[in-house]
Amino acid sequence: MDYYGSISKGYNELYKDEQLNKLTIIRNNIKLNKTAKMLDVGCGTGISSQFDCFVAGVDPSVSLLKLNKSDKKTIGIAEWLPFKDNSFDYVISITAIHNFANIKKSIDEMKRVGRKMFVFSVLKKSKKANAIKSLIAKSFKIGKIIEEGKDAIFFCQKSKIFDHARK
Ligand SMILES: C[S@@+](CC[C@H](N)C(=O)[O-])C[C@H]1O[C@@H](n2cnc3c(N)ncnc32)[C@H](O)[C@@H]1O
């Protein structure tokens with residue numbers, strides 16, 4: 001059984017409060033329209049999917065998804081998102097990126113399916129944190145970074161000028 005499978009029953013009890021603190025910061029820093037479409041990549045039990053709009057979630061952990069009450073959850077991986085280009089106004093990934101097997105491919109995929117804004121909450125103590133930060137900076141225009149507890153939260157947008165220059 002994978003790590004999250006092994007802790008799935010206690011996940012909410014262990015992490016709910018700290019994850020909700022991050023969500024409060026994210027809500028306060030994005031102008032969310034109720035008609036917006038959001039994708040939560042690595043949604044787990046759904047704590048991070050609590051926004052007042054349409055929110056779809058994707059995660060590979062069947063045990064965590066069993067505890068996720070949403071009817072818009074999909075089993076899948078960040079490296080291969082089963083959605084069309086530009087399908088979501090917002091793409092978020094909360095304390096999940098360090099788990100992805102191929103972080104560059106995951107970031108490319110999130111960028112592909114997202115349109116307007118991207119929020120990545122990155123575990124600061126992860127050995128991959130610096131690599132994740134530089135991949136985010138290469139792929140997006142970072143508007144701001146807010147530190148909350150164990151994470152640094154990156155608020156990003158696509159940058160047309162930047163993308164054009166890289167082609
Ligand atoms: C610390 S949990 C965070 C869950 C949720 N975002 C939250 O805030 O409670 C990390 C999540 O990343 C998921 N994950 C691991 N590898 C993944 C991958 N390749 N693609 C998408 N999610 C993945 C795990 O299953 C787990 O649900």
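1. Two strands count as paired if DSSP finds at least two bridges between them. Helices (H or I, at least four residues) and strands (E, at least two) are DSSP runs, numbered from the N terminus. This is a predicted model: local features need pLDDT of at least 70, side-chain atom pairs count only at pLDDT 80 or more, and totals for chains, interfaces and linings use all residues. Residue numbers start from 1 along each chain as its sequence is written.

2. The sheet. Seven strands form an open sheet with mixed pairing, in the order β3-β2-β1-β4-β5-β7-β6. β3 (73–75) and β6 (141–148) each have a single partner strand and stand at the edges, so one side of each lacks a neighbour in the sheet. From one strand to the next the twist averages 20°. Angles run from 0 to 180 degrees between N-to-C directions, with axes fitted as lines to C-alpha atoms, for helices over the stretch in contact.

3. From β1 to β3. Strand β1 (residues 37–41) pairs with β2 in the parallel sense over five bridges. M38 stands opposite V55 in β2. β2 in turn pairs with β3, parallel, over three bridges. There V58 stands opposite T74 in β3. Strand β2 (residues 54–59) is mostly covered, with five of its six residues buried. Buried means 20 or more other C-beta atoms within 10 Å of the residue's own; exposed means 12 or fewer, and partly exposed lies in between, with C-beta atoms placed from the backbone.

4. β4 and its partners. Six of the seven residues of strand β4 (residues 88–94) are buried. β1 and β4 pair in the parallel sense over three bridges. D40 has I92 in β4 as its bridge partner. β4 and β5 run parallel and are joined by six bridges. I94 stands opposite S121 in β5.

5. The antiparallel pair. β6 and strand β7 (residues 151–157) run antiparallel, joined by seven bridges. I145 stands opposite F154 in β7. Helix α4 (residues 129–139) packs on the sheet and touches β5 (114–123), β6 and β7. The direction of α4 makes about 165° with that of β5. Contact means C-beta atoms, placed from the backbone, within 7 Å.

6. Two sides of α4. Which residues of α4 are buried? They are I132, I136 and S139. Seen down the axis of α4, these buried residues fall within an arc of 75°, so they line one face of the helix. The arc is that of the directions from the helix axis to the C-beta atoms. The buried residues pack against α3 (103–113), β5, β6 and β7. On the other side, N130, S134, A137 and K138 are exposed.

7. S8. This residue lies in helix α1. S8 counts as buried because it has 20 C-beta neighbours inside 10 Å. S8 and L64 are 56 residues apart along the chain, yet their C-alpha atoms are separated by 5.5 Å. Leaving out residues up to four places away in sequence, S8 touches S61, S63, L64 and L67.

8. The ligand shell. How many residues surround the ligand? The count is 22, and the closest are G42, G44, S48, S61 and A78. A residue is near a molecule if its C-beta atom, placed from the backbone, lies within 6 Å of it. Helix α1 (residues 3–29) gives the most to this shell, with three residues. By class, the shell has 13 nonpolar, seven polar and two charged residues. Ala, Val, Leu, Ile, Met, Phe, Trp, Tyr, Cys and Pro count as nonpolar, Asp, Glu, Lys and Arg as charged, and the others, Gly among them, as polar.

Methods: Two residues are in contact if their C-beta atoms, placed from the backbone, lie within 7 Å.
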